[in-house]
Each structure stands twice: as structure tokens, then as C-alpha cells.
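Hi,

Here is the structure I promised to pass on. Have a look at it first, and then read my notes below.

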Amino acid sequence: MVTKKPRIVIVGAGIAGLSAARQLCDASRDKFEVVVVEAGSRAGGRVFTSEFAGHRVEMGATWVQGVVGSPVHAVARDAGALQDDAADLPYERMDGGFPDRVLTVAEGGNVVDADTVAKPIEELYRGMMDDARAGEAGSGGGGVEEYLRRGLRAYQAARPPGGSKELEEVEDALLAMHINRERTDTSADDLADLDLAAEGEYRDFPGDHVTIPGGYTRVVDHLVAALPPGTLRLGLRLRRVDWSETPVRLHFADGTTTLTADHVILTVSLGVLKASIGKDVSAPGAIAFDPPLPQFKREAVSRLGFGVVNKLFIKLEAEQEGGHEQLARAAPPAFPFLHMAFLGHVAKIPWWMRGTESICPVHADSSVALAWFSGREASHLESLPDDDVIRAVHAMLDSFLPAAAAGATSRWRVKTIKRSGWATDPLFLGSYSYVAVGSSGDDFDRMAEPLPRELEAGGSGTPLRVLFAGEATHRTHYSTTHAAYLSGVREANRLLQHYRVHPSMTQ
């Protein structure tokens, strides 16, 4: 008699889904039938390395947040992606900037003195965020933005009376600049909605934060290559999950494909789950659950924050007085690592452009620059035609880098642009999660609970019918590829333990 293998269907071929599949397959290639279904035409999810203007760029995940003990860094090393000397394309380094070249400018073109003005405000911001993440923010509660603004007010009040109002205005703009950075780091549209107490639970791995010279997609390719042939199936978009009994039935958007499974590991984004608990389950990206997700799961999905972060890549060229002939004789200038303090004085710079902290070269001396946007500014960026974006960039450059401020006779002009679009992509509907005010780390734990709950299973049917993985199911590393990877391994191990299969040594 041939014993039927338990079938495990993993929904989503991002880092979480691939790490789960690899763990299951490595533990026992003969014990389970493992299928990975992916709605898109590629594996990787929110990891997507692309090309622009002769550069390798990351449209999604960019950083490895700490290298000591990091499973993602280990996979990148095993894939040979940490050194890519033979590649024709330079890579998007973005390794914290180039400190000897940072130029902080106030709107209108006045350079902010680094030592007496810009650096003290940056140190104030960094110190306060370090305190928050160490659980030492003190009393006050609420959101992160008010916490930071209280700190700035205290800093300014400690000065002798009669200080310059213009200086305070610049300091306010500098703090707003760092708030924009924190928004992109966390994906929170408004830092008033980012829970201060929860910042103490977030953890990076020790060591440097690095990018991957060979491209983040090399990590994905390495994980895919480790799977048995035929495991991954692309172009299958899940629309309904019937999980009332075993086997679980999965229905897909093509209207003809249905898969059954003893266990499903669902790795879709929190944005997709938020759409799935809405009133319109036919909305783009939504998945219908039958029966509906239980109340504890819906409440966790609803309370947690899930924001959008987009990147704008800009190919620049310098135009000099005297025309192209003079430019040809002169060495082309280097675009600076530019921090921008918006004062609100130049109406022609549109509101959404004011949501970025900086515009910087993607690596030293590159003429390709990058600006990050979060929240409503990031979403609005997706809706604009290229010409409107280019006009906005020109307005910003003309205000922050007039020839006098740059110390040259050049003007920077935009040749072409490339941008990400995570908010409107129905497979993601955003970028990554955060702990919103009113939520807590407990909600990440609730996100990770399998269905049905143990007591609700009642001994009928197979337990662990629907399991959940992804960055929004990890309490301390949420919003990172680490969280995605570790959560996939966690759910694979949950099933291995259920079947009393010893997990492999895969990280």
C-alpha cells in the first residue's frame, strides 16, 4: 500500500515562501509534496533587482540590517552575491552616504553649517531614536513624532533667550528632514501613528548594514535553485481559500485551477490581508476566506500598520554656462549627497516632493541619484506622469542647488527617471509593516498563529490547515527580509514537528 504524502502548498514565492519551501524540502524530499504558487511572473516578491541608466538598482528591499548571525547575509554569501567584481554594472551601494561629501542645504540655496547647526540636530534625532529602541524614551507615550518634537523644543529652550527665529526655523526643517527619513525607514505615513513603546522591541542583527553587490535577486535565485524541479509554479493568483475542513481548497484567478492541500503556508503581504478583511472581497489583491478569518486575526491585521515606500531614481546631467562645448572641456562635476531642509518658501516645489529627506548618488561619483518617499507622498508619486515628476525634480534642484550654493556654474537637469510602484501593485498593496499606535508586538504574534487554533480544531480534520509567514508575522524583525526568512523557516519547522520530522540544519 502506497501512503499518500501530505501536500503542503505555499502561497507566495518571496523570501518567506522560498525559505519555508527550502526548509521542508531539505528536511525530507520524500516525506511531503511541496508546491509553491506565485501570482506574479517572477519569484522574489518585494525583492526585485532591476537596471537603470547602466546601473544595477533595487526597486524593493535594499538593505541587510546587520550581518552577524543574519540568515539573509549567509544566503547572499553562499550565492556568491557579496562580491561581484566581474559584473559589468555598478551596484546601488547606498552604504550610509559619503560623510565627507554630505551637503545640507536649506530651501532657497543657503548651505547649513554642518558643525554648529546640522550635526547637533542629527545627533539629537539619532540619540532620541536610539533611546526609543532601547526602551529608554521615558514617559509621554503616544507616537514617535511628538516624542521627537518634544526633544527639539527642549533643546531649543535650553539656549539663552533672545535666539534667532531664523535658526529655529532651520532647526525645525532639519528635524522634519529626519522625520522624513524615519518615515521611509519604518513605512509609517505619519510618525504620529508609529507607536513609541513598540520601538523598544524592534531588533536588527549586529554588525554593519550592507547592500548586496550582486543584487538582492541573487538571494532569491539561490533559494529557487535549491528547490526540486517543478516545485515553483508562477502566474497563479489566489482568490479564495476554503479552509473549513481538510483538505483545504485553493481557488485561483484563472477560474479553472483549484489545488487541494493538507496544509497551506500563506505568505502574502499584510496589505493583501488588509484588503481581504474589507467589505469588498473582489477588490484588487483581496483573497476571500471561507470561513472568514477569525476575529483575533482580523483585529491584528486591522491594527498593525502597513505603509508604502517608493524609490525615485533620476539620471542627471550637468548643464554649464557656456554650453556643451565648455562642458566637454571641463571635468563633469560630481552630484553631492544632498540633505534638504524644506522651509516652505518656494511654492513651485510640489507638496509630495517635500516628503523626501535627501537626494543622493547611488554610489560615489555616479550621475544616477535616488530619492525615497513614504506614505501619501509615495502613493501620489505613483500616479504622476513622468513629465510632472521631472518638473518637480527640476524645481527642487533649482532651489537647493543654485550655482552659488554648489560653488560652480552648472545646473543639474534630469534626463530620465525610474520609480517603484508598491502601493498600486495588487500583489502587495504597500511595502512593509510597522506597529501603529493602538497596536503592539502582540499583534505580530497573533498574525503568526495558525488556523484553526488548537482548541478550535476539536480533533476533527487536520490541524495547522492555514499557517502564516512573512515579515508582518515576526515580532522583533518585522519589516525586513530577515523577518520574512525566519518566519518561513518557523512555519516549516512547525509542520516538521507536527509530523515528527527532524528539521535540517538550514538557517
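Predicted model: local features only at pLDDT ≥ 70, side-chain atom pairs only at ≥ 80, totals over all residues.

Residues are numbered from 1 along each chain as its sequence is written, and side-chain values use heavy atoms, with hydrogens and water left out.

Helices first. Helix α2 (residues 71–78) packs against helix α6 (residues 217–225) at an angle of about 80 degrees, and their axes are 9 Å apart. That makes α2 roughly perpendicular to α6 (65 to 115 degrees counts as roughly perpendicular, under 35 as roughly parallel, over 145 as roughly antiparallel, and the rest as oblique). The axes are lines fitted to C-alpha atoms, for helices over the stretch in contact, and angles run from 0 to 180 degrees between N-to-C directions. Helices (H or I, at least four residues) and strands (E, at least two) are DSSP runs, numbered from the N terminus.

Who touches whom? On the α2 side V75, A76 and D78 meet V219, H222 and L223 of α6, with contact meaning heavy atoms within 4.5 Å. By class, this contact has four nonpolar, one polar and one charged residues (Ala, Val, Leu, Ile, Met, Phe, Trp, Tyr, Cys and Pro count as nonpolar, Asp, Glu, Lys and Arg as charged, and the others, Gly among them, as polar).

Now the rings. The structure holds eight aromatic pairs; rings of Phe, Tyr and Trp (its six-membered ring) pair if their centres lie within 6.5 Å, and planes under 30 degrees apart count as stacked, over 60 as edge-to-face and the rest as tilted. One of them is F32 with Y499: the centres are 5.4 Å apart and the planes at 70 degrees, so the pair is edge-to-face. This pair links distant parts of the chain, 467 residues apart, with F32 in the loop between α1 (15–27) and β2 (33–38) and Y499 in the segment after α15 (481–498). F32 is buried at a relative accessible area of 4%, while Y499 is partly exposed at 23% (buried means under 20% relative accessible area, exposed over 50%, partly exposed in between, with a 1.4 Å probe and protein chains only).

W352 and F373 make a tilted pair, because their ring centres are 5.6 Å apart and their planes at 55 degrees. W352 sits in the loop between β17 (337–341) and β18 (358–361) and F373 in strand β19 (residues 368–374), so the pair ties together parts 21 residues apart in sequence. W352 is buried at 3% relative accessibility, and F373 is buried at 0%. Elsewhere, Y202, F444 and Y478 form one aromatic cluster.

Two charges lie over rings as well: K297 over the face of F468, at 3.8 Å from the ring centre, and R453 over the face of F296, at 3.5 Å. The cut-off is NZ of Lys or CZ of Arg within 6 Å of the ring centre and within 35 degrees of the ring normal.

Last, the backbone. Cis peptide bonds join T246 to P247 and D290 to P291. P247 is in the loop between β10 (238–242) and β11 (248–252). L429, though not a glycine, has a positive phi of about 60 degrees, and S479, also not a glycine, has one of about 80 degrees.

Cheers
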